[in-house]
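Dear colleague,

Please find below the structure that I promised to pass on to you, together with its sequence.

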Amino acid sequence: MNLKEMVGYKAAEFVKDGMVVGLGTGSTAYYMVEAIGKRVKEEGLVITGVTTSHRTAAQAKELGIPLKDINEVESIDVTIDGADEISDDYQGIKGGGGAHLFEKMVANHSKEVIWIVDDSKLVHKLGAFPLPVEVVKFGCQQVFRLFEEKEMDPSFRKDDKDDLYLTDSGNYIIDLHLEQIENPHEIAAWLDSLTGVVEHGLFLDCVTKVIVGTEDGPVVKDVSR
Ligand code: 5RP
C-alpha cells in the first residue's frame, strides 16, 4: 500500500452513518473516495457525498456513493481532501489539481476538515509549491501584469495539450512562484481584494485534523482552532 492509499483508507474510517461528507480532489483523495465507496458497498454505510470537482463526482457516481449538490445540503459534517503543502502551523496550499475554488467552498461549509497527505507535503513554511490563483478570463493579462509588477513570478497554468488550463468553472489559473511565504494572511487578504481573482489556494485556519502517511503508518494529528 502506498502512502496516499494508506491515508485515504485511514481517513475513510472517520466517516460515520448519516454524515454529509465533502469529497476532495486529487490523487490522494482518490483513494479516500475509493475507500468510502467500498464501505458503502460492503458495509451498507449510509452517507451523502458533496463533491469538489467533476473528476471526483464521476468517480463517486461510478462507485455508487449517493451525492447531493452543495446547494442541497444544510451543512457538511466532514470534508476530506488532499493538500499540496502543510506548514508547521497547519496552514495549507491547495489547488495543484486546479479544484481549489470548489474545495474551499466545501471546506468552509464543513464542521470538520481533514487533510490527507504523504509526509513529503509537510514543510516548515509555505511557498515552495506554486500558489494557484484562479482568475476570470476577462482582463486576466492585467492581473498577470500586476503579479509581475509585484515580482510574484506568475505563470499561466497549461494543460497536457499545452493549452491554457481551464477550471471546472471555465476560468484560468495563474501560479505564483513565491518560494517562501512569510505572511500568508497578508497575501491571502490582498488576493481576496483583487477584482478578477476568483479564488486562491491559501487555505488558512481551516483544517481540524491532518493524517500524514509515513513508512511507519498513518499519523493522525488533531489541530485545535
Ligand atoms: C486539488 C488539490 C489537491 O488536493 C492537491 O493538489 C493534492 O493533490 P494530490 O493528492 O494529487 O497530491 O488541492 O485542487
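Val-212 has Val-219 of strand E13 as its bridge partner, and this pair belongs to an antiparallel arrangement in which six bridges join strand E12 (residues 209-214) to E13 (residues 217-222). The two strands are connected by a hairpin of two residues. Strands here, like helices, are DSSP runs numbered from the N terminus, with at least two residues (E) required for a strand and at least four (H or I) for a helix, and two strands are said to pair if DSSP finds at least two bridges between them.

Before going further, please keep in mind that this is a predicted model, in which local features need pLDDT of at least 70 and side-chain atom pairs count only at pLDDT 80 or more, while totals for chains, interfaces and linings use all residues. Residues are numbered from 1 along each chain as its sequence is written, and side-chain values use heavy atoms, with hydrogens and water left out.

As to the chain as a whole, it holds six helices and 13 strands. Its radius of gyration, taken over C-alpha atoms, is 17 Å, close to the 17 Å that the globule rule gives for 225 residues, so the chain is as compact as a globular protein of that length; the rule itself is 2.2 Å times the number of residues to the power 0.38. The C-alpha trace spans about 55 × 35 × 35 Å along its principal axes. Of the 225 residues, 52% are buried, where buried means under 20% relative accessible area, exposed means over 50%, and partly exposed covers what lies in between (1.4 Å probe, protein chains only). Among contacts (heavy atoms within 4.5 Å) with a separation of 6 or more, 73% are between residues 24 or more positions apart.

Strand E9 (residues 172-176) deserves a look on your side, since five of its five residues are buried. Tyr-172, Ile-174 and Leu-176 point one way from E9, whereas Ile-173 and Asp-175 point the other way. E9 pairs in the antiparallel sense with strand E7 (residues 131-135) over five bridges, and there Asp-175 is the bridge partner of Pro-132. Strand E8 (residues 154-156) is also antiparallel to E9, joined to it by three bridges, with Phe-156 standing opposite Ile-174.

Two residues other than glycine have a positive phi. Glu-151, with phi of about 55 degrees, is found in the loop between helix H5 (140-149) and E8, and it is exposed at a relative accessible area of 71%. Asp-162, whose phi is near 70 degrees, sits in the loop between E8 and E9 and is likewise exposed, at 54%.

Gln-91, in the loop between strand E4 (85-86) and strand E5 (92-93), has a relative accessibility of 4%, and its contacts include Trp-115, Leu-126, Phe-203 and Arg-225. His-185 is also in contact with Gln-91; the two are 94 residues apart in sequence and 9.8 Å apart in space, C-alpha to C-alpha. Leu-3, in helix H1 (residues 3-12), counts as buried at 17% and touches Asp-118, Asp-119, Gly-213, Thr-214 and Glu-215. By contrast, Leu-3 and Val-21 are 18 residues apart in sequence and 22 Å apart in space, C-alpha to C-alpha. Finally, Gln-59 of helix H3 (residues 54-62) is buried at 14% and is in contact with Tyr-30, Val-33 and Glu-34.

With kind regards

Methods: Lists of a residue's contacts leave out its neighbours within four places in sequence.
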